[in-house]
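Dear colleague,

Please find the structure below. A short account of the findings follows it.

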Amino acid sequence: MSAPLAPALFTALHDRPAAPLCVGYSGGLDSTVLLHLLGTSDRSGGLRAIHVHHGLHPDADRWSAHCERICAALEVPLAVVRVNVLRDGDGPEAAARAARFAAFAAALAPGEVLALAHHRDDQAETFLLRALRASGPDGLAAMRRWRAFATGRLWRPLLDFDRDALLAYARTRGLEWIDDPSNADHAFDRNFLRQCVLPLLRERWPHAADALARSAALCGQANDLLADGDAVAIADVATADPHCLSRAKLRMLPEARRARVLRRWIADLDLPPLPANGIERIEGEILHARPDAEPVFRWQRAAVRAWRDLLHADVERPALPGDWFADWDGRAPLSLPGGDCLALERADGFDATVHVHARQGGERMALPGRTHSHALKHVLQDLGVPPWERERLPLLSDAGGDVLAAGDLAHSAAFDSWLRARGARLVWHRDGGHGRQAVSCDPTAADGN
């Protein structure tokens, strides 16, 4: 290792935040170097580590024990988190990464910074992988040094250094690390690039990794400029519900801008990224559909739908089973199938038990201020309730079978008067919230906790 290397690596920490740090520590070379750098520098803001035990390798327990020993020597608190890697259509690499980042997100405290040891060679590999997947500037920007993450931020201080620099640092200081044998398996895309493609590129262009990383940085700058325009466009096509956009206003945007707006909208809703043909499917099947059509595009348990002028995106949620019902006294929140919940607020309960059930069709409701009843179907249409929400809608009926309420969307005249007299309200909490305040559906849960 050349003399200036260690000081140069320590300068990577120049933008170290004052907030507490949590190092993602696998036990491999890269995270070992980062842990050592942070563990032997200023620790006034607080430092801990997290090791994700994927359970995919026979030596996974031994690796966890290694991490515990190294952290103990550095006097860095370590949390070992075991995860179940769900194999799906995205492949084992993506599944393991998803499980790992979910564990990081769950473990991160509010305001805490997750420090990861990605370096310049990782950046070059990510750029190539995303280019091969036909990514645009946002994808080709690859990994950012800083970004928001969970309830805190994510920091990658080593992006300006290659693996050889980290290896030299580790050897000079006698550091110990784990060599995961799966890193040599060419069946994984990233390993194939690392072991086969990038060495060949370096034979012809010795600074290939530097150039690819620099291209990623330039794409990041371009994407930042485009993102400013995306924010303006999203504000223009938005509605009061963040899950809905105006189809008419979307159609007025240039096609390229519209594609970016749709991707950002999906990302802002924390839905799975659209597949490669997602924009094409939305454009061809959803955005330009007739106003009376109800098309839907589904992927990874999420869906984009059209209804009237609205484009709606959310996770798929099950309809309320047609044969489901429950008797409810209103004293405690009522859990519904699929994760929804009904709550009677600011009242001790109903005067008599009500019947909660799914729509059967043909129901009618006598609305406040009206002299006769109306078909519930027409009431919901007039309120602008989309069909997929109607499928989940719980109805409240009295002992005589008269409909008192359709969720918290419509009340009968009698039920409305009862609520007003007590200053009470009925709330239908959808699973996932839609911006609504969550309520515990566990009657044993303590208030205020």
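In this structure, 5 strands make up an open sheet with antiparallel pairing, in the order 11-14-17-18-19. Strands are DSSP runs of E with at least two residues, helices are DSSP runs of H or I with at least four, and both are numbered from the N terminus; two strands pair if DSSP finds at least two bridges between them. Strand 11 (325–328) and strand 19 (410–411) stand at the edges with a single partner strand each, so one side of each has no neighbour in the sheet. Strand 18 (residues 403–406) and strand 19 run antiparallel and are joined by 2 bridges. Ala405 stands opposite His411 in strand 19.

The model is predicted: local features need pLDDT of at least 70 and side-chain atom pairs count only at pLDDT 80 or more, whereas totals for chains, interfaces and linings use all residues. Residues are numbered from 1 along each chain as its sequence is written, and side-chain values use heavy atoms, with hydrogens and water left out.

The second topic is helix 3. Its buried residues (under 20% relative accessible area, against over 50% for exposed and in between for partly exposed; 1.4 Å probe, protein chains only) are Ala60, Trp63, Ser64, His66, Cys67, Ile70, Cys71 and Leu74. Seen down the helix axis, these residues fall within an arc of 155 degrees, so they line one face of helix 3; the arc is that of the directions from the axis to the C-beta atoms. The face turned away from the buried side carries the exposed residues Arg62, Ala72 and Ala73. Glu75, with a positive phi near 60 degrees, follows helix 3.
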